[in-house]
Amino acid sequence: MQFGDGRVRYNVKKSSDNGDETEEPAAAGNETDATADAEDREKLIAVEIDENGVATDYEVALKHIGLGLFHVLIMVVNGLALSSDAIEVLSISFVLTSAKSPSELNMADWQSALLSSIIFAGMLIGSYLWGTMSDISGRRMTLMTSLTVNGVFGLVSAFAPNYWLFIFFRFASGVGVGGSLPVIFSYMSEMVRNKYRGPYLGVLSMHWMLGSLLCGAFAWMIVPAEINLSLGSLQIHSWRVFIIVSSIPSILGACLYFFLPESPRFLLEVGKQEQAMKGLRLAYRLNHIHRPGKEFPIKSIDIRVTPKNQATDQPSSIRLWIVKKLHDFKVGMGHVAELFNRVLLLRTLLLLGVHFCLSFGGYGVSLWYPTYVEQINERADVDRFYGASCNNTISDLILGSEELTRLRRCSSTSFKNVTFDHITFTDWTFADSLLERSIFDSCVFNDVTFQRVNTTSALFVNGSGTAVLFDTTVLHSTGFCGLNVSNFTMVGSLVTDVTVNGRPVSNQTSLLEALREGFPPPSPCSAPSVGSPYTTKVDKYQVYEESFYIAGSALPGNILSAFAVYFLRRNYWLAFSLFASTCSAFLLYVVTTPVFVVTVLCLFNAISTPAWNDGSLLIAELYPTHLRSTALGIHFIMIRIGAILGTNVFGHFIAVNPSVPILLVAVILLVGSVLALPLPKTTRHTILN
């Protein structure tokens with residue numbers, strides 16, 4: 001609309017079927033028809049206040065408020081809230097190993113996978129519930145309530161005596177997290193001018209990394225520590241203390257929002273002009289605290305309020321309260337329907353696809369990398385142990401098939417007090433070695449040769465197979481019980497004090513006859529307990545130290561993202577970040593040594609971080625004010641769905657074959673990169689009103 005004095009109103013209007021005018025966002029690909037270039041807009045803002053102090057645009061008010069102490073305060077509080085959400089989401093990844101033990105919650109593998117994803121199920125509900133509520137009841141109250149729910153239920157979960165109570169409280173905590181995440185970005189974007197919005201939201205997004213660092217630091221300091229407290233019959237060990245500490249930032253954030261104003265942009269949308277101006281005047285005073293007495297030059301803002309957003313004050317009664325809530329629900333569903341209208345449908349579908357791909361890969365990796373790193377470290381330690389034992393002596397161990405494969409080329413290794421447990425030996429040779437007080441329990445022998453082996457007090461129990469050859473071997477004080485091998489051969493071997501199924505034999509010939517005869521033993525054969533499974537010597541603090549470094553690797557990605565979004569097209573930057581994440585996921589599939597695995601995880605975290613930041617910023621920019629939190633809520637629902645699937649897939653496969661989910665993540669991230677390319681341009685464009 002053009003004024004006589006040259007002032008321009010930047011509200012894009014569209015006539016509806018009933019003759020009313022409603023605000024209309026620009027169609028994908030035609031943003032320049034609905035929004036002015038930021039530089040041209042800056043020239044016009046200065047003259048958009050008339051002689052009565054009435055501004056015709058919300059951006060005018062934000063320009064006069066400027067940047068200062070107020071924005072520092074809202075950044076601190078919003079940043080704390082976002083950090084607390086990160087801590088609550090990621091904390092469970094650091095306690096899975098400790099909490100699943102039989103003395104704690106006694107979880108099976110499927111229960112661990114469910115626990116890792118249950119918070120996202122709560123967030124799935126919270127995203128829509130709180131996002132819609134914030135578009136109806138306001139940003140500030142929604143944030144206070146959702147953070148309180150997050151913190152209180154997170155705190156209570158630390159005292160859950162069993163698995164099912166623990167998972168219920170984590171679910172309830174997730175409902176709170178799902179509410180605060182989308183609303184934080186709406187609240188912040190409505191407090192900052194479009195000129196600085198990209199960098200500010202980028203800096204805000206960095207607080208997720210800060211929360212990750214704090215979570216890793218808390219875990220590093222607390223979880224490996226020997227903490228044993230008693231609360232009645234409940235033992236409070238270190239992992240429960242860590243959960244308690246992790247809930248504190250959410251509760252603190254809820255308290256701090258009490259001192260911040262409601263979003264003036266939201267208040268203007270619902271027709272609460274005076275309350276909006278009060279918040280803007282507060283922001284102005286804080287930003288100009290060095291100039292006391294200077295008054296905010298704007299008395300009111302001329303913003304058209306659509307009837308569906310108009311706030312109404314009704315008498316307080318149960319019946320009217322129910323009517324109002326039903327009305328609010330109808331309004332919320334109307335907001336959802338608008339996201340899929342002809343104008344917004346394409347961008348909504350593309351963004352939903354991008355966020356699903358990003359969350360499947362991002363959360364799948366981020367919630368399970370402590371467990372994965374721990375497995376890699378333990379596997380490397382086992383390899384080092386058996387590598388050092390190759391052709392030497394292994395003592396006091398129980399060996400299974402997996403352990404023995406590491407000794408495949410170590411034919412001269414000696415064994416003392418070792419149990420070979422249910423192993424299938426195929427085309428295997430024991431050569432020039434000692435078997436002392438060692439037991440072959442329920443093993444299968446297919447073409448196995450004992451060559452120049454000295455056995456002392458050895459025992460072969462309940463075995464079977466096709467062919468065994470003793471070549472130039474000494475069998476002393478050795479027993480055979482329940483052994484069923486079709487072809488035994490002995491060449492040049494010495495037999496002394498040997499028994500077969502309880503009967504003594506004195507030489508090579510009688511031993512072969514007894515084995516071939518296969519007479520039943522006098523009692524069921526059983527193997528005594530010899531040795532114990534190998535216990536890894538990995539430093540218990542190591543995995544938490546490495547996880548801290550991985551969390552910190554997001555810092556360069558956040559710094560780059562905070563400035564790149566101001567100069568580069570957001571969708572291209574998003575696509576590049578997703579493609580680079582795809583490449584790093586393929587690298588994770590290739591490398592196997594601990595140092596390289598941690599390095600690649602750091603790389604993945606660093607280059608996927610800009611995708612998260614840019615994705616959240618695009619949601620805030622591609623939807624008008626009255627739909628912004630609802631849009632964030634709907635997209636965060638899709639993020640939760642991706643996270644639930646990603647964490648469950650990782651949880652089920654990580655102990656069996658980690659390469660399956662890693663390759664799947666790489667493919668899905670590549671799909672997300674392609675979906676990001678057609679998104680509209682928003683860089684240096686005015687946020688939709």
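Biologist: In which sense, left-handed or right-handed, does α7 pass α8?

Modeller: In this predicted model, α7 passes α8 in a left-handed crossing. The axes of helix α7 (residues 139–157) and α8 come within 7 Å and cross at roughly 155°; angles over 145 degrees count as roughly antiparallel, and α7 and α8 are therefore roughly antiparallel to each other.

Biologist: Which classes of residue make up the contact of α7 with α8?

Modeller: Sorted by class, the contact of α7 with α8 has 12 nonpolar, 10 polar and 2 charged residues.

Biologist: How should I read a pair of aromatic rings, and how many aromatic pairs does the structure hold?

Modeller: A pair of aromatic rings is described by the distance of the centres and the angle of the planes. The structure holds 39 aromatic pairs, and one of them is formed by Y187 and Y257, whose rings lie 6.1 Å apart centre to centre with 80° between the planes, an edge-to-face arrangement. Y187 lies in helix α8 (residues 163–189), whereas Y257 lies in the loop between α10 (238–256) and α11 (264–269), so this pair ties together parts that are 70 residues apart in sequence.

Biologist: Are Y187 and Y257 buried or exposed?

Modeller: Y187 counts as buried because its relative accessibility is 0%, and Y257 is buried with a relative accessible area of 0%. Another pair is made by W220 and F548, where the ring centres are 5.6 Å apart and the planes stand at 50°, so the pair is tilted. Here W220 in helix α9 (residues 194–222) is linked to F548 in helix α17 (residues 542–552), 328 residues apart. W220 counts as partly exposed at 25% relative accessibility, and F548 is partly exposed with a relative accessible area of 24%.

Biologist: Which residues do ring pairs link into a cluster?

Modeller: Ring pairs link F415, F420, F425, W428, F430, F440, F445, F450, F460, F470, F480 and F488 into a cluster.

Biologist: Turning to cysteines, which residues does a disulfide join, and where in the chain do they lie?

Modeller: A disulfide is a covalent bond between the sulfur atoms of two cysteines. The count for this model comes to 1 disulfide, which joins C481 to C525 with an S to S distance of 1.8 Å. The torsion about the S-S bond of C481 and C525 is about -80°, so the disulfide is left-handed. The pair links distant parts of the chain, with C481 in strand β17 (residues 479–481) and C525 in the loop between α16 (508–517) and α17, 44 residues apart. C481 is buried, with a relative accessible area of 16%, and C525 is buried, with a relative accessible area of 14%.

Conventions. Residues numbered from 1 in each chain as written. Predicted model: local features only at pLDDT ≥ 70, side-chain atom pairs only at ≥ 80, totals over all residues. Heavy atoms only, no water. Phe/Tyr/Trp six-rings, centres within 6.5 Å; stacked < 30°, edge-to-face > 60°. Helix = DSSP H or I, 4+ residues; strand = E, 2+ residues; numbered from the N terminus. Buried < 20%, exposed > 50% of the residue type's maximum accessible area, 1.4 Å probe, protein only. Axes fitted to C-alpha atoms, helices over the stretch in contact; angles between N-to-C directions. Parallel < 35°, antiparallel > 145°, perpendicular 65-115°, else oblique. Left-handed = near helix turned anticlockwise from the far one by under 90°. Nonpolar A, V, L, I, M, F, W, Y, C, P; charged D, E, K, R; others polar. Disulfide = S-S within 2.5 Å.
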